[in-house]
Amino acid sequence: MTKVLLTILLAATIAGIGVRLAAGPKTITATTVVRSTAPTRAVFSHPLVFPPVNVNAHVSIGIDEACVQLLDGPCTNMWTYGGTYPGLTIRRPTGQRTDVTFTNNLGPEAGEMTIHNHGNHSSAANDGQPESLLIPAGGSRTYTYEGLEEGNNQRGKMQFYHDHRMDVTARNVWMGLTGLYIVDDPADPSTLPSGAFDLPLAIADRQFDAKNQIPYVFNPNGVTGDKFLVNGIYQPYLEVGDRKYRFRVLNASNFRTYFLELSNGDPFIQIGTESGLLPAPVTRSGMRIGPAERLDVVVNFAGELGQNVYLVDTLTGTQLLELRVTQHVTDDSSIPATLRPLPDIGEPSVTRNWSFDHTAGHWTINGLRFDPNRVDANPVLGTTEKWVFTNPTAQAHTVHIHDVSQQCLRRNGGPCYAYETMKETWYLAPGESIEVKLKFTDHLGMYMLHCHMVEHEDDGMMTQFEVVRANPTPKPRSTPAPRP
Ligand code: C2O
Ligand code: CU
């Protein structure tokens, strides 16, 4: 395709205008391109949909190949959790045990699978280890989630589950292996918008070929696409009432970062992060969201009946979602001035430094690529540590720590942003540093720490830590009995 044609397409796409290339026997050149007045697909002509929801204590999910209607025309062959993209949404009350059985129905070429419930306080055996406890082709595995944290109910929040297989996480996520997991918490204020006014928005980009397929080609510097999907729909619209809505936004992309704004200049009221509600709401005119970050926000459409408001990514100038304010409805919701205090996790006794590096042509942590046989930290169960993350590279990273949430102590040597008091995925721009504290509660064993720009992760920007018991009191030595 010529540069001129690309420019026209790009301009038309940015302007939100549907375009159609002159088809026919003639070779397409820049001079034969016409901008049709009858686009093959009107923009924002498809309603936003939501993945099916399962609220049961026992959930079975097939890891299935499915042809998913992402665009008009041919459907897209994907790897899915239950046949949709995103996959089945699991929605559970906090404090209740949930067993999720995954069955790997993909062919042997897909390899073994492993599922990480991102943001959940899982035991190590249920955390989706990248190189052990795998699900072979044709096999099943049940993951158990207790819904508890240090004897209390886990905090309400939107988690998500995704594949975590060593070396091929990025391919597996690109092919569709992502689903939402919402934890409802009665300790959260009940006046927040709920029910039909509490909606998840999973944003992800994909690159499609001429047949609407998404072949994956690994690139350690990130794989992105030029079409942006919300809940698996390209350019969707959503009809809303003139009241407050709660949107739980996930960046489900492999690599792309977005900067979200509303086209009418209205603010977002951020009420939560990956780790549940903030201590107090924060009003924001725009919000950056890196891969795997979540933003829990309220948007108020009061006084906007008859308007179309767009959720926009200002980094690319792309309208992601058209919000049509079409109905008048009464609003009985409100946002309290205080939401949830941070848990008291004490003061750190140990400091560890983690540098997100580029070493010998690969993405590394402290200069080393992931090695399942190496453990880089042994925090003691029940203790609190300070972890310092630095990014000396010229690329951004999203730092994700498994097991427990972290509380921000300092960003770039100064105060933390009011909207990132407690999280588990942190955006670290080039040259930035962040200090967090975390308490290793409940579970012993192996957990991952990595960049969630998943091509960086697969290239090596991942390590593991093992939570261990406090100094074992030396046992009196005895002669082991001979094995029978
Ligand atoms: Cu969402 Cu270790 O990942
Ligand atoms: Cu990275």
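## A strand pair and its sheet

In strand β21, M287 is the bridge partner of L260. Strands here are DSSP runs of E with at least two residues, and helices are runs of H or I with at least four, both numbered from the N terminus. The model is predicted; local features need pLDDT of at least 70, side-chain atom pairs count only at pLDDT 80 or more, and totals for chains, interfaces and linings use all residues. Residues are numbered from 1 along each chain as its sequence is written, chains are lettered from A and ligands numbered from 1 in the order in which they are written, and side-chain values use heavy atoms, without hydrogens and water.

β21 pairs with strand β18 (residues 258–262) in the antiparallel sense, over three bridges. Two strands count as paired if DSSP finds at least two bridges between them. Both belong to an open sheet of six strands, in the order β1-β16-β24-β23-β18-β21, with mixed pairing. The edges are β1 (46–47) and β21 (287–289); each has a single partner strand, so one side of each is left without a neighbour in the sheet. Strands of a sheet pair through backbone hydrogen bonds, either parallel or antiparallel.

## Nonpolar cores

The largest nonpolar core has 45 residues, and I61, F102 and Y161 have the most contacts inside it. Strand β3 (residues 58–68) gives the largest share of this core, five residues. Apart from it lies another core, of 29 residues, including A377, W387, A396 and C451. Such a core is a set of buried Ala, Val, Leu, Ile, Met, Phe, Trp, Tyr and Cys residues joined through side-chain atoms within 4.5 Å. Buried means under 20% relative accessible area, exposed over 50%, and partly exposed in between, with a 1.4 Å probe and protein chains only.

## Salt bridges

The whole structure holds 25 salt bridges, each a side-chain nitrogen of Lys or Arg within 4 Å of a carboxyl oxygen of Asp or Glu. One of them joins R352 and E385 (2.6 Å, N to O). R352 is in strand β25 (residues 350–359) and E385 in strand β27 (residues 384–390), so this pair links distant parts of the chain, 33 residues apart. E385 is buried, at 2% relative accessibility.

R374 and D376 form another, with their closest N and O atoms 2.9 Å apart; D376 is partly exposed, at 29% relative accessibility. In the salt bridge of E432 with R411, the closest N and O atoms are 3.0 Å apart. E432 lies in the loop between β31 (425–428) and β32 (433–439) and R411 in strand β29 (residues 406–411), so the pair ties together parts 21 residues apart in sequence. Both E432 and R411 are buried. Elsewhere, R91, D184, D198 and R248 are joined into one network by salt bridges that share partners.

## A buried glutamate

E424 is in the loop between β30 (422–423) and β31 and is buried, at 2% relative accessibility. Residues in contact with E424 (heavy atoms within 4.5 Å), not counting those up to four places away in sequence, include H118, E274, R294 and H400.
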